[in-house]
Protein chains: 2
Amino acid sequence: MFSSWTLAVGGATAMVVGLCWACAPIRTPSVASPIYGVTLPNGYRDWTLVAPAQEAAPLDELRAVVGNRKALKTYRVGARPFPDGTVLVKLAWKHTPSPDFPPASIPGAATTVQVMVKDSERYASTGGWGFGRFVNGKPVDKAQHETCFACHAARVKDRDYVFTRYAP
Amino acid sequence: MFSSWTLAVGGATAMVVGLCWACAPIRTPSVASPIYGVTLPNGYRDWTLVAPAQEAAPLDELRAVVGNRKALKTYRVGARPFPDGTVLVKLAWKHTPSPDFPPASIPGAATTVQVMVKDSERYASTGGWGFGRFVNGKPVDKAQHETCFACHAARVKDRDYVFTRYAP
């Protein structure tokens with residue numbers, strides 16, 4: 001009986017998935033980062049801007065941090081620490097001269113997408129934050145993820161381990 | 001009769017405004033730009049990022065362009081021209097060294113907010129775009145607004161007069 005029900009539900013699911021394929025882009029589930037198990041959050045490219053930034057050579061990047069609603073609400077009221085469920089995503093691109101306007105630089109090729117997720121229980125040993133660093137949608141290796149928390153803890157522990165300030 | 005009706009409506013409006021003052025942040029209506037009559041759109045600070053940019057000295061700024069839904073939809077499908085109702089907003093801040101991480105630069109004081117509104121009928125003589133340039137929420141003078149379209153037309157006419165490309 002359970003098997004039949006499962007089969008029926010499975011068939012219905014396949015039909016729904018089939019319909020969705022016809023009308024929406026196919027999403028490949030994000031692979032989780034080592035150590036933290038953080039994935040690229042759905043829809044982050046639509047999230048609100050926290051602030052842009054520039055990183056000098058050798059990385060030579062333009063960057064933008066965006067946040068989910070919890071992140072933005074917390075930034076705007078000036079509260080710290082960020083609540084559980086806060087997610088911040090930093091997008092980065094090569095810093096490239098504008099072909100249209102010489103004084104300007106614009107984003108070139110995308111380089112990394114970096115994610116911070118607040119879960120004070122799950123990530124108790126790293127200030128409540130889980131980290132993910134992605135290149136072409138895939139997480140980088142464990143060695144790179146081992147550097148995340150140490151740097152944040154050394155430099156911005158007093159701001160709940162978050163570098164980026166809100167740009168009003 | 002018309003006067004009484006106007007007075008009655010005026011009174012009701014005052015009551016509604018009074019109620020709103022009690023429950024929501026006070027919004028100062030944006031003053032319209034000269035020539036174009038463009039105002040700062042409500043809620044633009046929550047809009048989706050199109051791309052960040054950097055502007056070299058003497059302006060020495062970090063910038064970010066955000067867009068409303070029509071703008072983002074058009075960018076993402078790669079269509080041009082932008083449809084009527086498209087709004088783009090460029091936020092700009094002084095380019096400031098990060099006190100936390102020497103290779104990084106971050107937004108300092110806000111400088112200007114610049115708006116482009118697509119209305120192919122109203123702005124037929126300027127490629128369908130109306131322009132607004134604001135400092136501290138107020139539009140700059142007519143002379144500055146006279147420079148907007150000439151520069152966009154000279155450099156990016158073939159991209160519907162829009163400099164900023166979408167950064168994926």
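Predicted model: local features only at pLDDT ≥ 70, side-chain atom pairs only at ≥ 80, totals over all residues.
Residues are numbered from 1 along each chain as its sequence is written, chains are lettered from A and ligands numbered from 1 in the order in which they are written, and side-chain values use heavy atoms, with hydrogens and water left out.

I turn to the aromatic rings. Over all chains, a search of the whole structure finds 14 aromatic pairs; rings of Phe, Tyr and Trp (its six-membered ring) pair if their centres lie within 6.5 Å, and planes under 30 degrees apart count as stacked, over 60 as edge-to-face and the rest as tilted. One of them joins B:Tyr36 and B:Phe131 edge-to-face, at 5.4 Å centre to centre and 65 degrees between the planes. This pair links distant parts of the chain, 95 residues apart: B:Tyr36 is in the loop between helix H1 (2-23) and strand S1 (48-55) of chain B, and B:Phe131 is in strand S5 (residues 129-135) of chain B. Helices (H or I, at least four residues) and strands (E, at least two) are DSSP runs, numbered from the N terminus.

A tilted pair is formed by B:Phe149 and B:Tyr161, with 5.2 Å centre to centre and 40 degrees between the planes. B:Phe149 lies in helix H4 (residues 148-156) of chain B and B:Tyr161 in the segment after H4, so the pair ties together parts twelve residues apart in sequence. Both B:Phe149 and B:Tyr161 are buried. In chain A, one aromatic cluster comprises A:Tyr75, A:Phe82, A:Trp129 and A:Tyr166.

Next, strand S1 of chain A. Eight of the eight residues of S1(A) (residues 48-55) are buried, so the strand is largely enclosed by the rest of the structure. S1(A) runs antiparallel to strand S2 (residues 61-67) of chain A, joined by seven bridges; two strands pair if DSSP finds at least two bridges between them. A:Gln54 has A:Leu62 in S2(A) as its bridge partner. S1(A) also pairs with strand S4 (residues 104-118) of chain B, in the antiparallel sense over two bridges, and there A:Glu55 stands opposite B:Ala104.

Key
Buried < 20%, exposed > 50% of the residue type's maximum accessible area, 1.4 Å probe, protein only.
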